[in-house]
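Visitor: I'm new to this protein. Could you walk me through it, one question at a time?

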Amino acid sequence: MGNLILKNARQLVTCAGAAPRRGLDLGTVQVIEDGALIVQGGIIDMVGTTEAIEDKLAHGHWYEDPEEFTTIDASGQVVVPGFVDPHTHACFTGYRHDEVELRLGGRKYLDILAAGGGILSTVQKVRDCEEGALADETYRRLLLMLSLGTTTVEVKSGYGLDMESELKILRAIAKAAEMAREQLTVVPTFMGAHAVPRELKSEPGEYVERLCREMIPRVAESGLARYCDVFCEEEVFGPVQARRILKTAQEHGLGAKIHADEIGECGALDVALELGAASADHLLVTGEAGIRKLADSETCAVLLPGTAFCLRSGRYAAGRRMVDQGCAVALATDCNPGSCFTESMPLVMAMACFGMGLTPAEALNAATINAAHAIGLADQLGSLEEGKAGDLVLLDSPDYRHLVYHFGINQVGMVVKKGEIVYVRD
Ligand SMILES: [Zn+2]
C-alpha cells in the first residue's frame, strides 16, 4: 500500500468514467498532457496536470511528511491504468508446441484429441503435478504478465476434471496469488465444466451430476473461487447442462461466466443472458440477433482475438459491430497451453484493432475498465481516478496509441501496484 507522487507524464490516460463503457463512450479515454497523480495508502487521491498536482502538494495538509512518498518523474513516458486480463487458463503445466505444429500441418483438432493430445493431455499433466510445483509455475507466469503491464488477472481451473484435482488447482491458484499479492490482483474461477474427463467419456451426464451435487458445493464452501465457468458447445456441455451447472453455482454464491459461441451458436448466449452472467466469452460466431440481445443486457462480452488468430479460424468475433450496437466489450488473452499461449494484453489489443476494427482508445478501455467490470472489480480498479487502486503502467512510448501501432514489442518501462513500484525494466 504505497504513497506515490507521479509527475510530468507526457500523457496520462485515465480511462475514467462509469463502467461498463459502451458505444461512443468506449472510444473515449481522457488524455491528460503533462499528467500527474497522487496515490496515498495504495489508493489514488488525485489525478490532474502536473501544475494542478504541484499546487495541491504546496497546500495539501496531508503532505506533512514528504519522506513517506515515492516520487516518479514520468517525463517522456505515457501512463495508463494497469491492464486487466479477465479470462485466462494460466494455471497449467506442460507445453503443447508439437500439437501446434501438427495443426499447422493440417491435422484437425479432433484427430489430435483422439490421439491423446488436446486439452486432455494437459489434464493428465496437471493431475500428475504436485500442488506446490503448479503454484510456482503459475506464479512465474503471473510475473511474466506483470512485465507486460497486467496488474489484475482472472485465472480458471479446469485441467483437473475431478474433485481432488480441481481443488488442488484452485489451491495452487490461491498460493500463486498469495506469492504475487503485492504485484497482481488474482480472481479465481472454478471451471470443472471445461471438458468431460476421459474416465466419464461415455457418460457425460454423470459428470454433470457430480459437478452439481459434489464439486460446486464443495468449491463454494472452500472459498477458493469467485466465479464458475462452463465451456458451452453442443459437443461439450450443451445449453441445458450449462444452465443447470451455472444455476447451481449461483445458488452457492458463485458468479456465472460462460464460454459461448466459439464454435457454434447452440444457445449458450441465451443461458448467459437468462442467468445474468457476468460475462459471455469468445462470441466468435455470434450473429446479429445475439449481438442485439447482448447489447440490451448487463452481461459483458469478453473477446479473445488471440485465440481466433492462433486457431487460424479465418474470422474474428464481430467486435466492431458489438461496440457499435452498444455491447459492453472487454478483451482478454485466454492464456492457455493449447489454443492461445500468450500473456500479452498489448498484443491482444493490437489484434482487436487490426483484426476486429476497434480503435486504440476502444481497445484500451476494453483492456482496463471494461475488463475490470467483467470480473466485478470496476468499482475498485481499471481506471485512474480518485478512490481507485493506484495500479498503473508507464510506457516508454510517445503516445498511448503506440500500444497498438507499434505491436509485438514490450513498451512497459515500469509497473506500479497499489502505489508500490513492482516492476522496472532492466
Ligand atoms: Zn477459455
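Visitor: In which sense do β5 and strand β14 pair?

Guide: Happy to start there, and please keep in mind that this is a predicted model. Strand β5 covers residues 78-81, and strand β14 covers residues 392-395. Four bridges link β5 and β14, and the sense of their pairing is antiparallel.

Visitor: How many residues of domain 2 are in contact with domain 1?

Guide: On the domain 1 side, 30 residues take part. Elements giving two or more residues to that side include β5, α1 (23-26) and β16 (420-424). By class, that side of domain 1 has 17 nonpolar, seven polar and six charged residues. Across from it, the number of contacting residues in domain 2 is 35.

Visitor: How are α8 and α9 oriented to each other, roughly parallel or roughly perpendicular?

Guide: Helix α8 spans residues 204-222 and helix α9 spans residues 239-251, with their axes 10 Å apart. Their packing angle is about 5°, and angles under 35 degrees count as roughly parallel. Therefore α8 and α9 are, relative to each other, roughly parallel.

Visitor: Which residues in α9 meet α8?

Guide: From α8 come Val208, Leu211, Cys212 and Ile216. By class, the contact of α8 with α9 has six nonpolar, two polar and one charged residues. On the α9 side, the residues are Gln241, Arg244, Ile245, Thr248 and Ala249.

Visitor: Does histidine 373 count as buried or exposed?

Guide: Histidine 373 lies in helix α16 (residues 369-374). Not counting residues up to four places away in sequence, histidine 373 touches Ala19, Pro20, Cys300, Ala328, Ala330 and Ala378. A residue needs 20 or more other C-beta atoms within 10 Å of its own to be called buried. Because histidine 373 has 24 C-beta neighbours inside 10 Å, it counts as buried.

Visitor: How far apart in space are histidine 373 and valine 329?

Guide: Along the sequence, histidine 373 and valine 329 are 44 residues apart. In space, C-alpha to C-alpha, their separation is 9.9 Å.

Definitions and conventions: Residues are numbered from 1 along each chain as its sequence is written. This is a predicted model: local features need pLDDT of at least 70, side-chain atom pairs count only at pLDDT 80 or more; totals for chains, interfaces and linings use all residues. Axes are lines fitted to C-alpha atoms, for helices over the stretch in contact, and angles run from 0 to 180 degrees between N-to-C directions. Angles under 35 degrees count as roughly parallel, over 145 as roughly antiparallel, 65 to 115 as roughly perpendicular and the rest as oblique. Two residues are in contact if their C-beta atoms, placed from the backbone, lie within 7 Å. Ala, Val, Leu, Ile, Met, Phe, Trp, Tyr, Cys and Pro count as nonpolar, Asp, Glu, Lys and Arg as charged, and the others, Gly among them, as polar. Two strands pair if DSSP finds at least two bridges between them. A residue is buried if 20 or more other C-beta atoms lie within 10 Å of its own, exposed if 12 or fewer, and partly exposed in between; C-beta atoms are placed from the backbone.
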